[in-house]
Each structure stands twice: as structure tokens, then as C-alpha cells.
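Okay, thanks for coming, everyone. I've got one structure to walk through today, so let me put it on the screen.

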Amino acid sequence: QVQVMESGGGLAQVGGSLRLSCAASGSIFSIAVMGWYRQAPGKRRELVASLNSGGGTNYEDSVEGRFTITRDNTKNAAYLQMSSLKPEDTGVYYCYAYIYTDSTGRWNEYWGQGTQVTVSS
């Protein structure tokens, strides 16, 4: 059984910062990718940032230079530092992880429940 849990969302002002945390727990053998998606009201879920086990990152264009994703492999955790926040960054942020478990003998995606980020002016 694997669980992914986010924390750190909340309310921020335009230009402010927030840091999201994500932790995966359970019978984890290896994590290939951890990342963040977000979903704004009335919009589709979109990739915000991802970080693979080799250190490669991928950012959505609108957050490039403002958001930074990092990982702590010793804790099976990922973090999203968000700076220079804009109202369009508002949404529910979901952490996901691509994990190999011995119990299944395969790779699967696991998702958190989401954390709300609201940026107000």
C-alpha cells in the first residue's frame, strides 16, 4: 500500500511565496518521478513541474523561473517552492509519484488528495 500526501497550501498575496510538500509512504522500492499538477476551476488538470530520479526537471511554461521543484530521496519527498505568485496560479495542486513496489512487481502512478492554493490581489 502506497500513500501520497501533500501539505503546505493556503492563501498568498500576489507576488508572495508558498512552499508545498509531498511525501510518499508505504511499501516503496523505487520512485522514478515525483511532480505536481494543478487544476484551476473550470479547467483541465495541467502539469506544473516534475523531477525524475536522474535530476531532470520539467516545468510548465508559465511557472518557469518562478517555481522550483526539489526532492529528498531519503524521505521519499518532493517540494515545490512557488515565488512571485500570480492569481492564475490559483488552483488545487496535486502531487503524483511514479513508484515501483515489490508487492505489485510493477510501476504505478500514485496521487495525493490535493491541496488548495489561492493567490489573491
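This is a predicted model: local features need pLDDT of at least 70, side-chain atom pairs count only at pLDDT 80 or more; totals for chains, interfaces and linings use all residues.

Along its principal axes, the C-alpha trace spans about 45 × 25 × 25 Å. Buried residues make up 40% of the 121. And if you take contacts between residues at least 6 apart in sequence, 56% of them join residues at least 24 apart.

Okay, the sheet. Four strands make an open, antiparallel sheet, in the order β1-β3-β8-β7. On the edges you've got β1, residues 2–7, and β7, residues 67–72, each pairing on one side only. The twist from one strand to the next averages 15 degrees. Looking at β1 and β3, they run antiparallel and are joined by six bridges; for instance, Met5 has Ala23 in β3 as its bridge partner.

Now, the core. Which residues have the most contacts inside the largest nonpolar core? That core has 29 residues, and the answer is Trp36, Val48, Phe67, Leu80, Met82, Tyr93 and Ile99. Strands supplying at least two core residues each include β1, β3, β7 and β8, and also β4, β5, β9 and β11. Take Leu80: leaving out residues up to four places away in sequence, Leu80 touches, among others, Trp36, Val48, Phe67 and Tyr93.

That's my walk-through, happy to chat.

Technical notes:
Residues are numbered from 1 along each chain as its sequence is written. Side-chain values use heavy atoms; hydrogens and water are left out. Two strands pair if DSSP finds at least two bridges between them. Axes are lines fitted to C-alpha atoms, for helices over the stretch in contact, and angles run from 0 to 180 degrees between N-to-C directions. A nonpolar core is a set of buried Ala, Val, Leu, Ile, Met, Phe, Trp, Tyr and Cys residues joined through side-chain atoms within 4.5 Å. Buried means under 20% relative accessible area, exposed over 50%, partly exposed in between (1.4 Å probe, protein chains only). Contact means heavy atoms within 4.5 Å.
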